[in-house]
Amino acid sequence: MFDPNVHATVTATMRAIQRYVAYGFLFYVTGEVAADRAPSLFQKLHERFNLTMTDSQRRHARRRGEAVFRLVLWPLTGTTTFRWWLLRTEGEHPLLGVETWRDARRERIQWPWVFELAQMPVPPQLRKAYTRKSGRVAIKPVTWTWRIDREQFERYRADIRRYAQIHDNRIQGLIRSLHSAPGFRQIRDDVFRLDGYIVKQYRRRKRLPPELPPLPQPVIRRRGRQDVVYPLSFLLRRLQRGCSTWFPIR
């Protein structure tokens, strides 16, 4: 029985999706499935698309012009439901027609809350920091990164304008939410811009701006470091035992 691994954190799961798309897994299908139906759904996807190929097998298949696949899933907090993304590369496969594939370059991959995956220019100063001794710049001018969904970004701005006019603590909740976001490059930039908008709106109304915490810590993948993952079957057993969290508290 196919037993996919699940990353233990939101950041690691988002980073996996980001990394696969950057490696050419540009087409995707996504959905939600109840925990009791998850094993059968993922087994069916595996039987169709061979989700246990090694990296070496995927490289050889891509050279032959075949599509290869990755599955990423995440258990939604406070529910017994999984969100899943099936990603694939360009190439041929006899069963591609059984799914309706979206192109991440045109229909952005959405995280279940407020983020989307987009191709964004890398600031020149950041690219400079990736310059090697040979003079080679080890980061592309445009890369895939997570950002706040544009509609959600405008909703945040509207909330900030409203909270700047009233005297309660709702702005503190918004600030905590923003600053607890995963620290991907464009999310950090979006939070920085919204912080500046908070200060501007409060000063405009001659009010003292609220204290702003540091930006979310940058997401840096350490070389050789392995993400913590758990098999789907492990999470389902915790659910059956009535555990209060999907993952063990570390």
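**A close look at the ring pairs**

Both F69 and W101 are buried (under 20% relative accessible area; exposed is over 50%, partly exposed lies in between, with a 1.4 Å probe and protein chains only). Before going on: this is a predicted model, where local features need pLDDT of at least 70 and side-chain atom pairs count only at pLDDT 80 or more, while totals for chains, interfaces and linings use all residues. Residues are numbered from 1 along each chain as its sequence is written, and side-chain values use heavy atoms, with hydrogens and water left out.

Searching the whole structure turns up twelve aromatic pairs (rings of Phe, Tyr and Trp, the last by its six-membered ring, with centres within 6.5 Å; planes under 30 degrees apart are stacked, over 60 edge-to-face, and the rest tilted). F69 and W101 make a tilted pair, 6.0 Å from centre to centre with 40 degrees between the planes. F69 sits in strand β3 (residues 69-75) and W101 in the loop between β4 (81-88) and β5 (102-103), so this pair ties together parts that are 32 residues apart in sequence. Helices (H or I, at least four residues) and strands (E, at least two) are DSSP runs, numbered from the N terminus.

Next come W85 and W111: their ring centres are 5.2 Å apart and their planes at 10 degrees, so they count as stacked. W85 belongs to strand β4 and W111 to the loop between β5 and β6 (115-121), so here the parts tied together are 26 residues apart in sequence. W85 has 1% relative accessibility, so it counts as buried, and W111 is buried too, at 2%. Both tryptophans also belong to a cluster linked by ring pairs: W74, W85, W111, W113, W146, Y230, F234 and F247.

You'll find L76 in the loop between β3 and β4, and it's buried, with a relative accessible area of 11%. Leaving out residues up to four places away in sequence, L76 touches E32, T81, R83, P112 and W246 (contact means heavy atoms within 4.5 Å).

Stepping back to the chain, there are eight helices and eight strands. The C-alpha trace spans about 65 × 55 × 35 Å along its principal axes. Of the 250 residues, 44% are buried. Among contacts with a separation of 6 or more, 72% come from residues 24 or more positions apart.

N50 lies in the loop between α2 (38-49) and α3 (55-63) and is partly exposed at 39% relative accessibility; its phi is positive, near 50 degrees, though it isn't a glycine. K206, in the loop between α7 (185-204) and β8 (229-231), is exposed at 77%, and has a positive phi of about 55 degrees without being a glycine.
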